[in-house]
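Me: Hi! Could you walk me through this one while I have it open?

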Amino acid sequence: VTIDGEHARDFDDAISIETLPNGHFRLGVHIADVAYYVSEGSALDQEGYERATSVYFPDRAVHMFPSELATGICSLNPRVDRLVQSCLMDVDRHGSVVQYEFHDGVINTAARMTYTNVNAILTERPAALMNEYRDLVPKFEQMEELFHILNGRRKRRGSIDFDLPEAEVVLDEAGRVESIVESERNIAHKLIEEFMLLANETVATFVEGRGMPSLYRVHEQPDVLKVEEFEEFIGGFGHSLAAPAGAVRPRHFQRLLEKLRDKPEARPIAFLMLRTMQKARYDPSNLGHFGLAADSYTHFTSPIRRYPD
């Protein structure tokens, strides 16, 4: 299935899941194989390179590739055959990937799901939705179970989860801004995010292990001076990272966020923490990802939207 927002215009990724006889999960992250249609040096390739990314406005998208690709043959639309590159991962009950494999494939998704519907199935369990998707409900329950395992493992290693609100622009019928609201981030958003993170790490580990040239998504250690300024600011609220500025690790930031939960100063401190960090960027050298506390990370998962993927 694909799981996206109600107004999504293209579908890069699909998820499959099953529980194996040994109790492990087999998670499949299937990514639209745009490269099959865009050969190196072609007009499409040059145009994609020039644009670098798709740009999303509240009412429309300016795609990196023509819409015939972006929302057509390269989009994992429901119940039609589509070409993908699949990352299949066997994940144990501790959240470790014990085995993985990659395939060029063809998939035919069972449904185009929305975050709202999947969240409702997992939380409110309305009879109409439970009946409509009765064949898929056990799959969503497996996804939720795996999400909690993976998320717990990532938090234990110190990955920083800011969980800051994002703005959503609401337009009226004439296309004018009607309001700006806080966009909802529910369990469905979080489980898809978690599965994409795992696939991206797995792919990065694979290409690095093979010595293959690749673009990594890197996020370096924060600047010592910025950390010292941040420490001085939070000291005024009676908080501390509890580590020397030059030896700070992701887990120190994550522990601080956990201590701040539900406190009035939580949001300004989280925003300043974000500004204390380096900016994530692409690099052919694997410099690790500080924020995710990951040794290797790349972008495997949005080929319709970002040329580097």
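Predicted model: local features only at pLDDT ≥ 70, side-chain atom pairs only at ≥ 80, totals over all residues.

Me: Let's start with α7. What span should its twelve residues have, and what do the ends say?

Reply: Helix α7 covers residues 224-235, and at 1.5 Å a residue it should span 16 Å. Its end C-alpha atoms are 16 Å apart, which agrees.

Me: Which residues of α7 are buried?

Reply: Those are Val227, Phe230 and Ile234. Looking down the axis of α7, the buried residues fall within an arc of 60°, so they line one face of the helix. On the other side of α7 you'll find Leu225 and Glu232, which are exposed.

Me: And what do the buried residues of α7 pack against?

Reply: They pack against α8 (250-260) and α9 (266-276).

Me: What happens at the start of α7?

Reply: There, Asp223 brings a side-chain oxygen to within 3.1 Å of the backbone nitrogen of Leu225.

Me: OK, over to α9. Which of its residues are buried, and what covers them?

Reply: In α9 the buried ones are Ala266, Ile269, Ala270, Met273 and Thr276. Down the axis of α9 they fall within an arc of 115°, so these residues line one face too. Their cover includes α7 and α8.

Me: Changing topic: which residues touch the most other members in the largest nonpolar core?

Reply: That core has 39 residues, and the ones touching the most other members are Ile3, Val29, Met113, Phe140, Met143 and Phe195. Several elements each supply at least two residues, including β2 (13-19), β3 (25-32), α5 (137-156) and α6 (187-209).

Me: Which one gives the most to this core?

Reply: That's α6, with nine residues.

Me: What is Val29 in contact with, leaving aside neighbours within four places in sequence?

Reply: Its contacts include Ala14, Ile15, Cys87, Met89, Phe195, Ala199 and Phe300. Apart from that core lies another, of 17 residues, among them Val227, Val248, Leu256 and Phe290. Val227 is also one of the buried residues of α7.

Me: Last stop, the strands. Is β10 buried or in the open?

Reply: Strand β10 is residues 177-182, and of its six residues the number buried is zero, so it lies largely in the open.

Me: How does β10 pair with β9?

Reply: β9 (residues 167-171) and β10 pair in the antiparallel sense over five bridges. In one of them, Ala167 has Glu182 of β10 as its bridge partner.

Me: And what phi does Gly175 take in that hairpin?

Reply: Gly175 has a positive phi near 85°, in a hairpin with five residues between the strands.

Notes: Residues numbered from 1 in each chain as written. Heavy atoms only, no water. Helix = DSSP H or I, 4+ residues; strand = E, 2+ residues; numbered from the N terminus. Expected span 1.5 Å × (residues − 1). Buried < 20%, exposed > 50% of the residue type's maximum accessible area, 1.4 Å probe, protein only. Arc of directions from axis to C-beta. Contact = heavy atoms within 4.5 Å. Polar contact = N/O pair within 3.5 Å; in protein donor to acceptor, adjacent residues only side chain to side chain. Core = buried A, V, L, I, M, F, W, Y, C linked by side-chain atoms within 4.5 Å. Pairing = 2+ DSSP bridges.
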